[in-house]
Amino acid sequence: MSRKLIIVGAGQAAAQAVQSLRTEGFDGPITLIGEEGYGPYQRPPLSKAYLLGTFERERLFLKSDAFYREADCELLLNARVTAIHRAEKTAELADGRRLGYDTLLLATGTRVRRLTCPGADLPGMHYLRDIADVDGLRTVFAAGKRIAIVGGGFIGLEVAAVAVKRGLDVSVFEAMDRLMARSVSQLVSDFIAAEHAKAGVKLILRTCVEAVEGDGKVERLRAGGKTHDADIVLVGIGVLPNDELATHAGLASQDGIVVDQHGRTRDPAIFAAGDCTRHVGREGSAIRLECVQNAIDQAKHCALAIAGKPKPYSEVPWFWSDQYDLKLQIAGIARPSDRMVLRGDPAARKFSVFHLRDGVIAAVEAVNAAPDYMLGRKWIAEAQRIEPDRLADSTIPIKQIA
Amino acid sequence: MAMIIFITHDGREHVVEVAPGWSLMEGAVKNRVQGIDADCGGACACATCHVYVDPMWLPALPPKSDIEEAMLDFALVTAPNSRLSCQIRVTSDLDGLIVRIPVSQH
């Protein structure tokens, strides 16, 4: 089984794939190709402790250099794959070299969606995706500065919480009528909004940014017909899958490289894992997930298939966000038609929202309520039926409910 | 630096140096000690960095937070000396600490 494997991309899925391939007995040479100058590192701390400055860069790295050496995995960093030639089974690099493969794993991740309004290219605009972005942001991230955050999603709000802690003056602009609208229920949105407001963050909802203005650098935003002074603009308005290598090679992408339950594309020699993929989720509909869990689990399943031990992927997705002293933990994918059950009291800053679909637990959002989250995750995996009234009754310990 | 002794489920001892301020989990992962998955990277969100602390050392450790306690409930085969290794900050007082790693985290 001495086949040559190339991994394109150097994020969480890539690191997990190397580890799982070796654990599962794949013994061919592995080449991991990354565009940044770093080996695989964790992104979640970038918008939290790394931005705050309490977490050194060295701690971000998922594996030590020795790990890759021992795994016989060559790291090709600062290198970009520009094309995949499926007929000849080669990956072409920006410098023209063509590397042969027997199996290729696309773990190309996502890139930030950029603001396109007038002035969006002025100096002083920041995005948050990689180490370099945060290092850049940190050079201007000083107490007293006014930061305008465009986008009230996970990234924007995590940065807002850190900025408050560092003494910046913080405004968040969100086009929708509530925060994190794509990821959490109204109840959790409202709770998180109140926490940010209490911390001094100015929340400007239902407002699109119309222009960024300034004399040679960012000085103010125009949004909702008003102008807002700003020294720094941080844009967090979502990401787009890096699917061009796949599509240019004739592989399907529908906002995400289409893969089966083994992470395989239509080409049996090409797999894909992580944020860049779209797969049919455990609930039967095609989904593109942006999370550590999916990167890890999909990479594991790709490794199993590549090592000849295929096992379909059906893990429950999970997510988390840390803002102030709040730990938000989410499992499953809620739908608007689900019945919501509140457990606990938001005023006590400890509660959860369960989502039931036909009486079965489909998703849970927990705020400072880890047991609800962990049990919810288990219930989702088991398609557990729960009596809503018992679930809502916080005098019954969560472990005695099912 | 503190010397930490990780013993994997097959009885192998791994003696590694961990910088003060780092977590036990980071010390294990960065030194290629197998058996600690730490899927979430130390955010106390996954319960896949479960270890058994040598009972002799238990009094030297800071107590479990509520969230660690809650997450540990869902780790596999826990015992009174179970901890999540991402939640234990290494200090010079922990020089010589012995922890055992379970067979599986999942």
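The following dialogue explains how to read several features of this predicted model.

Q: Which conventions apply to the numbering and to the model?
A: Residues are numbered from 1 along each chain as its sequence is written, while chains are lettered from A and ligands numbered from 1 in the order in which they are written. As this is a predicted model, local features need pLDDT of at least 70 and side-chain atom pairs count only at pLDDT 80 or more, whereas totals for chains, interfaces and linings use all residues.

Q: How many residues of chain B are in contact with chain A?
A: Two residues are in contact if their C-beta atoms, placed from the backbone, lie within 7 Å. Here, 15 residues of chain B are in contact with 17 residues of chain A. Helices (H or I, at least four residues) and strands (E, at least two) are DSSP runs, numbered from the N terminus. On the side of chain B that touches chain A, the elements giving two or more residues are α1 (24–30) and α2 (66–72) of chain B. The largest share, 3 residues, comes from α2(B).

Q: Which classes of residue make up the side of chain B that touches chain A?
A: Ala, Val, Leu, Ile, Met, Phe, Trp, Tyr, Cys and Pro count as nonpolar, Asp, Glu, Lys and Arg as charged, and the others, Gly among them, as polar. By this scheme, that side of chain B has 9 nonpolar, 1 polar and 5 charged residues.

Q: What is the order of the strands in the open sheet of chain B?
A: Strands of a sheet pair through backbone hydrogen bonds, either parallel or antiparallel. Two strands are taken to pair if DSSP finds at least two bridges between them. The open sheet of 5 strands in chain B has the order β2-β1-β5-β3-β4, with mixed pairing. Its edge strands, each pairing on one side only, are β2 (13–18) and β4 (82–84) of chain B. Strand β3 (residues 50–53) of chain B runs antiparallel to β4(B), and 3 bridges join them. Val51(B) stands opposite Arg83(B) in β4(B).

Q: Where are the domains of chain A?
A: Domain bounds come from an automatic or database domain assignment. Chain A is divided into domain 1 (5–111 + 239–306), domain 2 (114–235) and domain 3 (325–400). The C-alpha centres of domain 2 and domain 3 of chain A lie 30 Å apart. Their contact takes 7 residues from domain 2 and 9 residues from domain 3 of chain A.

Q: Is Ser314(A) buried or exposed, or in between?
A: A residue is buried if 20 or more other C-beta atoms lie within 10 Å of its own, exposed if 12 or fewer, and partly exposed in between, with C-beta atoms placed from the backbone. Ser314(A) counts as partly exposed because it has 13 C-beta neighbours inside 10 Å. Ser314(A) is found in the loop between α8 (292–306) and β22 (318–323) of chain A.

Q: Which residues lie on each side of β22(A)?
A: In a regular strand the side chains alternate between the two faces of the sheet. For β22(A), Trp318(A), Trp320(A) and Asp322(A) lie on one side and Phe319(A), Ser321(A) and Gln323(A) on the other, all of them buried.

Q: How many bridges join β22(A) to β23(A)?
A: β22(A) and strand β23 (residues 326–332) of chain A run antiparallel and are joined by 6 bridges. The bridge partner of Gln323(A) in β23(A) is Leu326(A). The two strands, β22(A) and β23(A), form a hairpin with 2 residues between them, and Tyr324(A) in the turn has a positive phi of about 55 degrees.
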